[in-house]
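Work through the exercises below with the sequence and the structure at hand. Each task is followed by a solution in steps.

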Amino acid sequence: MWTQRRWAALAVLSIISLLSEEAAAIEVPLDLKQPPTIVKQSLKDYIVDPRDNIIIECEAKGNPVPTFQWRRNGKFFNVGKDPRVTMRSRSGTLEIRSSGKPEDYEGEYQCFASNNLGTAISNKILLRVSKSPLWPKEVLEPVTVREGSPLVLACNPPPGLPPPETFWMDSFIMPIAQDRRVSMGLNGDLFFSNVLAKDAKTDYSCNARFEFTHTIQQKNPYTLKVQTMRNIPETQPTFLSPTGLSSTKMVLRGEELLLECIAAGVPTPTITWSKRGGDLPTKKVRIGNFEKTLRILNVSEEDIGSYTCMASNRIGSIRHTVEVQVKAAPFWLEKPINLVLAPDESGRLVCRANGSPKPTIQWLVNGEPIESSLPNPNRRVLDDTIIFETVQFESSAVYQCNASNEHGYLLANAFVSVLDMAPRMLGPKNQLIKVIENNRTFLECPFFGSPLPLLRWFKNGLGSGLDGGHYRLYHNGTLEIKQARTEDQGTYTCVASNILGKMENQVRLEVKEPTRIVRAPEHKTEPRGTTVRFDCRVKHDPSLPATVTWLKDEKPLSFSWIGRLKKDDESLTIYNVNPDDGGTYTCTAKTEIDEDTASARLTVTGRPDPPQDLELSDPSARSVRLTWVPGNENNSPVTHFLVQFEEDRWEPGKWQNLSIYDWNLNSVNLQLSPFVNYQFRVIAINAVGQSQPSHPSARYQTSGAPPDVVPSGLKGWGSKKNNMEITWQAMQNTERNGPNLRYVLSWRRKDTEEEWNNITTAKTKHVVHNTDTYVPYEIKIQAVNDFGHGPESNMVIGYSGEDKPSAAPTDLRVSKINSTKVNIHWEPVEQSSVNGEFKEYKLYYWREASLIKGLKVNKTKLQKGFFTTAEHPSGILTELYPYSKYKMYMVVANREHEGPQSNTVEFYTKEGEPGAPKYFRILRHTDVVHLKWDKPLEPNGVLIGYTLQYHTVNGTQAGERKVQSFPPNVTEYVMNLPHRFTRFKFFLAARTQVGAGEVYAVESPHFTNEAYKEQEDIATQGWFIGLMCAVALLVLILLIVCFIKRSRGGKYPVREKKDLPLDPVDHKDQDGSFDYHSDEDNKPLQGSQTSLDGNVKESDDSLVDYGEGGDGQFNEDGSFIGQYTVKKDKEETEGNESSEATSPVNAIYSLA
């Protein structure tokens, strides 16, 4: 983001006006008598277009209104005698019609404006007519040079007025490329530091552009012939321009200095610049034209000195020194200004100028040399000063000062006006000025009087005059407040007084807060199609209305309700941006006295444009060069180019990826396959995505050849016990290399001396029948087409089909039995009995029963594989249930079949630690906590009891842990609460002889007044009373409606009442006994499980089902409501065998 602030535009204009008024002549109100003053005139050197009317300007003011006369070449010019010349009314401006020869009016013109108080004169205006002559006819012989030699092609443009601008073009109207070796000099010539063979052309043409006529004249073209050389000799630098080792250059002060050094040599020399006795002034110096020119703007005396350019290459160097002299046309040191005096006052006119050489000063009065005017005893001339003493009314006149030397002249008019007048205020009265706080402020009070009045300022009518410190008073009456503050607000009075009277005016000042953009837009780079928002939050003085406008690239934006651009008070939003939206967006917040701006750039990125102009070159048997022109990157650099191809023989119309290349390549050599008719296209890729494909290239046909790759994926395997299927992958279309592709397949049984079996096929599969079971074969393949055979593949080993194993593992047995795992041992089978590739020994096992009476188990058969070729194989079976009876047997398996079963083994696992309790619930009341739980789903042994641990909870702090033990037949516990707000955390674990099992942890809920309210009578609740009243009112309205309709004899439908009997379901076990496979088995365990070592996994849902029968409920904040409300509601619901009887709607039907 960049910001640009412009505070107090009016104050800035006041500063400029003030500074000019301090040095300008006194402004006399135009309604007062005064000598003429020239206010507008043409340039001293005035060049005009011959096709237009000639306008020579001369405007003046004065009272009485001036009359005008002209002199041409020093003689009176009678305007009335020439019908083509007219003078504008109340003006001295001449207008010369364009008919005839404008050259007849060339010359030096001077305007004289006169009234009875004096005569003012203009500068001498040199009028010249622009000229654009044709190039002289000439025949240019061909220029022949040897390669490596220097060359200058002369331009010599015709001498136009003003001089034309020159440039070099070829016959295609394209500029001649310029660089360090080839460039145009200041005189328009084309310089070659050394000529190369590529410079040979027939159309080097110099062109001259004439500014006034807007025409271009073209010189006959040069033909350049270059004699090439095998080896170009290297040469030391020499200067082509300027010549010699030194030169001088004179330039006038304030103009532009241009120095040039162009050198020849091989290699091309480099140019460096320096100044003797110091560094080049970097702020003023500009090096250009490939370091060959040095430019200094606004030359002054400090630029005098010796400038050296050095041309160097690896062979040597050469220097040229330019002595720069600075002369000066006259320039003002003190310009004479108008002098207004009262009778008997004294004054002076001063005319001081400087130049090189020093200018001479000449005084004139009313346009004539002062020496030839009538003597005036009240006037004395002292070189550059005229002194006036005790002037009278007849002393009024216009004086001219002419300062001249050989380089030019200056002319200034200054009148002496003798007036007698009381003070006058020239500005508007009681002006209101609004300024921005902390800004430099000017209160203007233009005045006039003769003698010159004394002016003083007062604030709010109090104190002495304001001047000094915070204030500054200028001679023209302007009061400056250096830094306006809030306390500077008020009414300021300016009072002008002289011996003839006084006059005052008032200015009211208001100091306002500045307008500031406090949240400015920021630079954004967004992809096409997105939404962009630019912020522009403004803070301004509340008393000044502010308007916010938006510009794009300095042009106003237009908004409409259906457009993509929307703005509000603080932002600009652009929807669905596209590349045309890119640019600089400027927010301008403006009040009547100041403004603030902030700008940000939007860069819209998009997919690149497709490459263009695809060309094929360098063709060969299996390659071709593809060249393209990259398209527009759309503000996101291209990272890669994807080259695709399409062929019309195998898959016409299908484009396939060929290769991908880096962004800096646009000409690549493509490796191709034989016998393919290619065409190509290119896709550009950047961070946004892929471009559209380019237009396809021309087609390129490669010649045919035998296949040069081997079919891949060759393998042999048996789908039946007496066959072998041989398969391979089909070759790609671009690998065919020719027509009629076939495969030559060979196979034979391994480790035999059999002859190879061969078959030629176009398919990718062949089945060998009548094989022995699981025997190895050697297989090989090669591709062949009409151009010949391809390379032969490496030999692979395939196998015929497998049969069922004929033997079973023997002596299956177990050892080292514990609660969850057992070691297994068996005797292996012979490899020959596997009848295929050995895969594994597969063990089938299942849980036959639990050793706990009445516990049902899942008898699903499980399996586990063991891959081993050991002489005495063994394995470990894990993840068994403790305290259970298991059975198992084993088979051997190859890749397709399993063999017969081994002997069946039966074993028993030992007792283990029990699982977590089936559930663990908290049934909390006001003063007690009621805990209930159930036996573990997997006791893993004989339960001997339960261990309950608990501690108080206060935020993150835990109290002392206490322990309670219970026998196995106890599944609930009631604990008194020391305080109704006390919270506990409970840990429950079942125990067997082996030890305590997984822990179930729960925590009592928070207690709030609302969470544990005693059951209230619903009839006393306000909401319930309101609801019942609404129902009663509705019933009453319906009864009235029914009564009215019945009284009118209406007929109403009668709804038949249908009693729907309820079928209560009792889910209790009929015998009331404990069943490990009750309905709860299918529910997820509540709470969490862990061991008693302290690693507790918190319950995810430990309070959902607290309460008997799962009827407990909680409020939305998790607080406990209790089981009683739920039961009461349920009992009430079950007690209403027919819900229709109590429905208000049914009551209406009953009445009907």
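**Exercise 1.** Is Y799 buried, partly exposed or exposed?

*Solution.* The model is a predicted one. Step 1: the relative accessible area of Y799 is 33%. Step 2: buried means under 20% and exposed means over 50%, with partly exposed in between. Step 3: Y799 is therefore partly exposed, given its value of 33%.

**Exercise 2.** Describe the aromatic pair that Y774 and Y799 form, and say which parts of the chain the pair ties together.

*Solution.* Step 1: searching the whole structure gives 29 aromatic pairs. Step 2: Y774 and Y799 make up a pair with 4.7 Å centre to centre and 15° between the planes. Step 3: planes under 30 degrees apart count as stacked, and the pair of Y774 and Y799 is stacked. Step 4: Y774 sits in the loop between β69 (765-769) and β70 (776-785), while Y799 belongs to strand β72 (residues 796-799), so the pair ties together parts that are 25 residues apart in sequence. Step 5: Y774 counts as partly exposed, at 23% relative accessibility.

**Exercise 3.** Name the residues that ring pairs link into a cluster.

*Solution.* The cluster consists of F920, W933, Y946, F966, Y973 and Y1000, linked by ring pairs.

**Exercise 4.** Locate W728, and state whether W728 is buried or exposed.

*Solution.* Step 1: W728 is in the loop between β66 (723-727) and β67 (742-749). Step 2: its relative accessible area is 5%, so W728 is buried. Step 3: leaving aside neighbours within four places in sequence, the residues in contact with W728 include P711, L714, Y743, K763, H766 and I781. Step 4: W728 and K763 are 35 residues apart along the chain, and their C-alpha atoms are separated by 9.2 Å.

**Exercise 5.** Find the residues with the most contacts inside the largest nonpolar core, and the elements that contribute to this core.

*Solution.* Step 1: the largest nonpolar core has 31 residues, and I56, W70 and L127 have the most contacts inside it. Step 2: two or more residues of this core come from each of β3 (45-48), β4 (54-56), β5 (58-63), β6 (67-72), β9 (94-96), β10 (107-115) and β12 (125-129). Step 3: beyond its neighbours within four places in sequence, I56 is in contact with residues including Y46, W70, L94, Y109 and L127.

**Exercise 6.** Which residues make the nonpolar surface patch of about 660 Å²?

*Solution.* Step 1: the patch is made by L1033, L1036, I1037, I1040, V1041, F1043 and I1044. Step 2: L1033 is part of helix α2 (residues 1022-1047).

How values were computed:
Residues numbered from 1 in each chain as written. Predicted model: local features only at pLDDT ≥ 70, side-chain atom pairs only at ≥ 80, totals over all residues. Heavy atoms only, no water. Patch = residues over 30% accessible without salt bridge, like charges linked within 9 Å, V, L, I, M, F, W, Y side chains within 5 Å. Areas by Shrake-Rupley, 256 points an atom, 1.4 Å probe, with all protein chains shown as cover. Salt bridge = Lys/Arg side-chain N within 4 Å of Asp/Glu carboxyl O. Helix = DSSP H or I, 4+ residues; strand = E, 2+ residues; numbered from the N terminus. Core = buried A, V, L, I, M, F, W, Y, C linked by side-chain atoms within 4.5 Å. Buried < 20%, exposed > 50% of the residue type's maximum accessible area, 1.4 Å probe, protein only. Contact = heavy atoms within 4.5 Å. Phe/Tyr/Trp six-rings, centres within 6.5 Å; stacked < 30°, edge-to-face > 60°.
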